[in-house]
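This report is meant for someone opening the structure for the first time.

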Amino acid sequence: MSLYARLKPKGVNGFGYGSTAEEVTAGLSLAGKTLLITGCNSGLGLETARVLSLRGGRIFGTARSAEKATTALAPLGGSSLGFACELSQPSSVRGCVKAVHSALEGKKIDAVICNAGIMALPKREEAFGVELQLFTNHIGHFLLVNGLLDDLADEGRVVMLSSSAHSMAPKVGIEFDNLSGQRDYAAWKAYGQSKIANLLFAKELARRLEGTKKTVNAVHPGVIQTNLSRHMNPVAQFFFGFGEHLVLKNVGQGAATQCYVAVHPGAATVSGRYFADCNVAEPRKEGSDAATAKKLWEASEEIVARLP
Ligand SMILES: NC(=O)c1ccc[n+]([C@@H]2O[C@H](COP(=O)([O-])OP(=O)(O)OC[C@H]3O[C@@H](n4cnc5c(N)ncnc54)[C@H](OP(=O)(O)O)[C@@H]3O)[C@@H](O)[C@H]2O)c1
C-alpha cells in the first residue's frame, strides 16, 4: 500500500482511498446475482471479477474476444461466462447483447460495470467518424447498456468507469462540432472528453430511469498502474511505476470504488452521481450539466442510428 493510501482519512461510510475491493465487499453475499463487467481480462476489470466472484456472484465478463474473456475468468471457476465484446465494433457489441440475453435464460443482470477503456492514443484514430477513445469508451458502452436495459434487474445498477481525467476534457465538455477530433487532436483532451462522456451518460440515464429502483453512477477509481498506460512514453511510465509506492493505488484499491457502487447496500439508492474513493464526489461542473448530458444522449443516438 502506498504511503499516501496509509495516511489519507476515510470517508463518511468508513471507506476511502486505501480501501480495497475485498474490504468494501466483506460480509456481502452475492449468491444468485449476475454481474457483467466489460474489460474483464486486465487491470481493474480482472480484479473486480475476482472479488465479486469471491463473494458468490456469477460473473459475465467481456473482452475483445470470447477466448480472452474465458481465459481470464477460468481461475474463478463456477458459472462465470466469457463473452466477446469489441467496443469499437458495433456488430460485436450487438452480438454480445444477444449472447448475454440468451445466457441469462430469463434471469436478470444485477449490475453492469462498464469498465473497459483506452487512454491517450498518441495519434488520432477514429471509428465510424468518431474519435476512437470517444467511440470505444462512450459509444461502445452506450450501445451495450441500452441493449441490456430490459435485462437489468428491478434494482439493477449501472456503473460507468469515468476518471478524474474528465477534467482534461475541452472547456465546453463535449465538442459536438468536432467529434472526430480532426480539428485539433490532443491525446489527453480526447481521453478527458471520453471520460466526461461516461459521466454525462450516467447522469442522463439516471434521469431517464427516475421513478424506478435502477441506479446509474460514474466512478473515478484512483490512479493505478495497469495496462492502461501502454500508450504513455517510457519516461512517464517509469515515474508512474515509481509513484505506485508513494501515492498511487494498487489494483485492489483501484477496483474498490466500482465494487462499492455496484454491490454495496450503502450505494443502493444513489443515482446520477460521481464517486471517488468509495464516496460521492463532485465532478467538474460540465460533467454534471443536465443539458449537455441530454445533448450527448441525442448525438449518441444519431451516431448509433447510422452505424452498420
Ligand atoms: N488505471 C488508472 O489509473 C485509471 C484511472 C482512471 C480511470 N481508469 C479507467 O478504468 C478503466 C479500467 O482501466 P484499467 O486501468 O484496468 O486498464 P487496462 O488494464 O488497460 O484494462 C482495460 C480493459 O479494457 C479493454 N479494452 C480496451 N479497448 C477495448 C475495446 N475496443 N473493446 C473491448 N475492450 C477493450 C482492455 O482489453 P485488452 O486487454 O484486450 O486491450 C482491458 O480489458 C478504464 O475505463 C479507465 O479509463 C483507470
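A residue is called buried if 20 or more other C-beta atoms lie within 10 Å of its own, exposed if 12 or fewer do, and partly exposed in between. The model described here is a predicted one.

Glu 105, however, counts as exposed, because it has 6 C-beta neighbours inside 10 Å. Thr 71, which lies in helix α4 (residues 66-73), is partly exposed, since 13 other C-beta atoms are within 10 Å. Thr 71 and Gly 82 are 11 residues apart in sequence, and their C-alpha atoms are 8.1 Å apart in space.

**The sheet**

In what order do the strands of the open sheet follow one another? The eight strands are arranged as β3-β2-β1-β4-β7-β8-β9-β10, and their pairing is mixed. At the edges are β3 (81-84) and β10 (279-281), each of which pairs on one side only. From one strand to the next, the twist averages 25°.

| Strands | Bridges and sense | Opposite residues |
|---|---|---|
| β4 and β7 | five bridges, parallel | Ile 113 and Val 159 |
| β7 and β8 | five bridges, parallel | Met 160 and Ala 218 |
| β8 and β9 | three bridges, parallel | His 220 and Ala 276 |
| β9 and β10 | three bridges, antiparallel | Phe 275 and Val 280 |

Why can β8 be described as largely enclosed by the rest of the structure? Six of the six residues of β8 are buried, so the strand is largely enclosed in this sense. Both of its faces are covered, with Thr 215, Asn 217 and Val 219 buried on one side, and Val 216, Ala 218 and His 220 buried on the other. Strand β7 is mostly covered, with seven of its 10 residues buried.

Helix α10 (residues 256-263) lies across β1, β4, β7 (152-161), β8 (215-220) and β9, and runs at about 160° to β7.

**The core**

Which residues touch the most other members of the largest nonpolar core? They are Val 112, Ile 113, Val 159 and Cys 259, in a core that numbers 85 residues. Helix α7 (residues 187-208) gives the largest share of this core, namely 10 residues.

The contacts of Ile 113 can be followed one by one. When residues up to four places away in sequence are not counted, Ile 113 touches Leu 35, Leu 36, Ile 37, Thr 48, Val 159, Gln 258 and Ala 262. Among these contacts is Val 159, the residue of β7 that Ile 113 stands opposite.

**Around the ligand**

How many residues surround the ligand? There are 27, and the closest of them are Gly 39, Gly 43, Ala 116, Gly 117 and Thr 226. By type, the shell around the ligand divides into 12 nonpolar residues, 13 polar ones and two that are charged.

Definitions and conventions: Residues numbered from 1 in each chain as written. Predicted model: local features only at pLDDT ≥ 70, side-chain atom pairs only at ≥ 80, totals over all residues. Pairing = 2+ DSSP bridges. Helix = DSSP H or I, 4+ residues; strand = E, 2+ residues; numbered from the N terminus. Axes fitted to C-alpha atoms, helices over the stretch in contact; angles between N-to-C directions. Contact = placed C-beta atoms within 7 Å. Near = placed C-beta within 6 Å. Nonpolar A, V, L, I, M, F, W, Y, C, P; charged D, E, K, R; others polar. Core = buried A, V, L, I, M, F, W, Y, C linked by C-beta atoms within 7 Å.
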